[in-house]
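Please take a look at the protein shown here.

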Amino acid sequence: MSILSMFAKYFAQFSQPVRQYMLVTFNYWNFTVTDGALRMLVVLYFYELGYSTLAIASLFLFYEFFGVVTNLIGGWLGARLGLNRTMNIGLGMQIIALLMLAVPNPMLTIPWVMAAQALSGIAKDLNKMSAKSAIKTLVPDNKQSALYQWVALMTGSKNTLKGAGFFLGGLLLSIMGFQHAVLAMAGVLALVFLGSIMSLKADLGKAKSKPKFAEIFSKSESVNILSAARMFLFGARDVWFVVALPVYLGSVFGWNHSAVGGFMAAWVMAYGFVQGFAPRFTGKAQGKVPDGHAATRWALLLALITAAIATGVQLEWQPELVIIAGLMIFGAVFAINSSLHSYLIVSYAKDDGVSLDVGFYYMANAMGRLVGTVLSGWVFQIAGLSACLWVSFAFLALTTFISLKLPKIQAYQVVS
């Protein structure tokens, strides 16, 4: 019996919802590895070519901007066309974006790279919105504990693999060079794309009634409040993480590409690992799933940790120890915040056309990344890493304040 037939037999023993969840997760995993690797490749390669940190940040401007637009419109498309189609469109666009970057160096101008990154940003958020929305359609409403576990597993595994992608990006740049690296990733993703077209259900997440375009803005107060908190939460991460930190590690500490990629990978992988276990830290032991109280407490803790790291960096007290150890602690607490938010949005979202609410929420997420990315290059260039961390603290203080308005009633008990 071949390995392929053995896998098919093993796969067939699961129920239809579980098989669809496994397929969605597999697609999401593969996409995430290429997304993480591409980000690290672009940051390190263009810094090596002599680009300033602000110029590098500008390369991601369209990536993040079109993420905002995509999440807003993508949720509407998912509800009308089905999540399988939006996921497959995202996979196809990422392949095109990678191929656009496989051109000779003279063609890698800022406008060209920004255009490729725009496609990649659209692709990433179509894929993520589709994957997160699909879970809601596969878990019954009375299984909120299972929903939290599935969301935490997908989110945690995604970030672990994104970390692997960071390491892979640094490694491929050292071994293969930029163009060969993106070509190899495009080839792998093409195989995933073909498998996805053949395997995903056509009606996954499709709304019973065709939603109007005007419905892309959420009418739910809970979704709107959570979206605002999410925007500042992710802005707080990316203001130091996207450009400032990798450039700082290379220029101030003198780390090589593999070392920078390895640290960033370890950070995101640890962050993803903690996300997968977030339910253990946020109420499951007491027989409850989290609510607004938990969101507020964890955001406040993260703000205090960030203030401590910023103080240590500003005073230049053991900078390598403060940055490495401090940001690992930040990553663990941020992971719990992120996983908790990811559960709350799927829980708050309405059942019919779930992607509308999820898309709106991830639009706010993308807006936070856009602001954080631009500030990461600009603030670092004019004031250094400690200033980036103080901006991060200010964003987290806003996240905490906004989270105070989230619903505080524990609506669901754990279902064993």
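## The largest cavity

The largest cavity has a volume of about 230 Å³. This comes from a predicted model. The lining is made of 26 residues. Lys-124, Lys-128, Lys-158, Lys-162 and Arg-237 lie nearest the centre of the cavity. By class, the lining counts 12 charged, nine nonpolar and five polar residues.

Which helices each supply at least two residues of this lining? They are H2 (16-48), H4 (61-81), H6 (110-138), H7 (144-175), H9 (221-241) and H15 (354-383).

## Lys-162, beside the centre

Lys-162 is one of the residues nearest the centre of the largest cavity. Helix H7 is where Lys-162 sits. Is Lys-162 buried or exposed? Its relative accessibility is 14%, so Lys-162 counts as buried. The cut-off for buried is under 20%.

Now set aside the neighbours within four places in sequence. Lys-162 is then in contact with Thr-32, Asp-35, Gly-36 and Val-268.

## The other cavities

How many cavities of 30 Å³ or more does the structure hold? There are three. A general idea lies behind such a search: rolling a probe the size of a water molecule over the atoms shows where empty space is left.

The second largest cavity has a volume of about 40 Å³. Its lining consists of Arg-39, Met-40, Val-43, Phe-166, Phe-241, Val-242, Pro-246 and Met-264. Seven of these lining residues are nonpolar, one is charged and none is polar. Helix H2 gives the most to this lining, with three residues.

## The whole protein

The protein has 16 helices and zero strands. Of its 416 residues, 58% are buried. The accessible surface comes to about 16200 Å². Carbon and sulfur atoms hold 71% of that surface.

Contacts tell another part of the story. Take those between residues at least 6 apart in sequence. Among them, 88% join residues at least 24 apart.

Helix H13 covers residues 292-314, which makes 23 residues. From first C-alpha to last, H13 reaches 33 Å. That is close to the 33 Å expected at 1.5 Å a residue.

Ala-394 lies in helix H16 (residues 385-403). Its relative accessibility is 36%, so Ala-394 counts as partly exposed. Along the chain, Ala-394 and Ala-303 are 91 residues apart.

Glu-316 is found in the loop between H13 and helix H14 (319-348). Just after H13, Glu-316 takes a positive phi of about 55 degrees, although Glu-316 is not a glycine. Glu-316 has a relative accessible area of 64%, so it is exposed. Gln-318 belongs to the loop between H13 and H14 too. Gln-318 has a positive phi of about 45 degrees, and it is not a glycine either. At 48% relative accessibility, Gln-318 counts as partly exposed.

## Helix H14

Ile-324 is in helix H14. Its relative accessible area is 29%, so Ile-324 is partly exposed. Which residues does Ile-324 touch, leaving aside its neighbours within four places in sequence? Ile-324 is in contact with Trp-255 and Phe-263. Trp-267 is 57 residues away from Ile-324 along the chain. The C-alpha atoms of Ile-324 and Trp-267 are separated by 9.0 Å.

Key. Residues are numbered from 1 along each chain as its sequence is written. This is a predicted model: local features need pLDDT of at least 70, side-chain atom pairs count only at pLDDT 80 or more; totals for chains, interfaces and linings use all residues. Side-chain values use heavy atoms; hydrogens and water are left out. Helices (H or I, at least four residues) and strands (E, at least two) are DSSP runs, numbered from the N terminus. Buried means under 20% relative accessible area, exposed over 50%, partly exposed in between (1.4 Å probe, protein chains only). Contact means heavy atoms within 4.5 Å. Accessible areas come from the Shrake-Rupley method with a 1.4 Å probe; for residues, only the protein chains shown count as cover. On a 1 Å grid over the protein atoms alone, a cavity is a set of points where a 1.4 Å probe fits but cannot get out, and a pocket is an open set with protein on both sides within 12 Å along at least five of seven lines; lining residues have an atom within 4 Å of a point. Grid points are joined across faces, edges and corners, and a volume is the space filled by probe spheres set on the points. Ala, Val, Leu, Ile, Met, Phe, Trp, Tyr, Cys and Pro count as nonpolar, Asp, Glu, Lys and Arg as charged, and the others, Gly among them, as polar. The expected span of a helix is 1.5 Å times one less than its number of residues.
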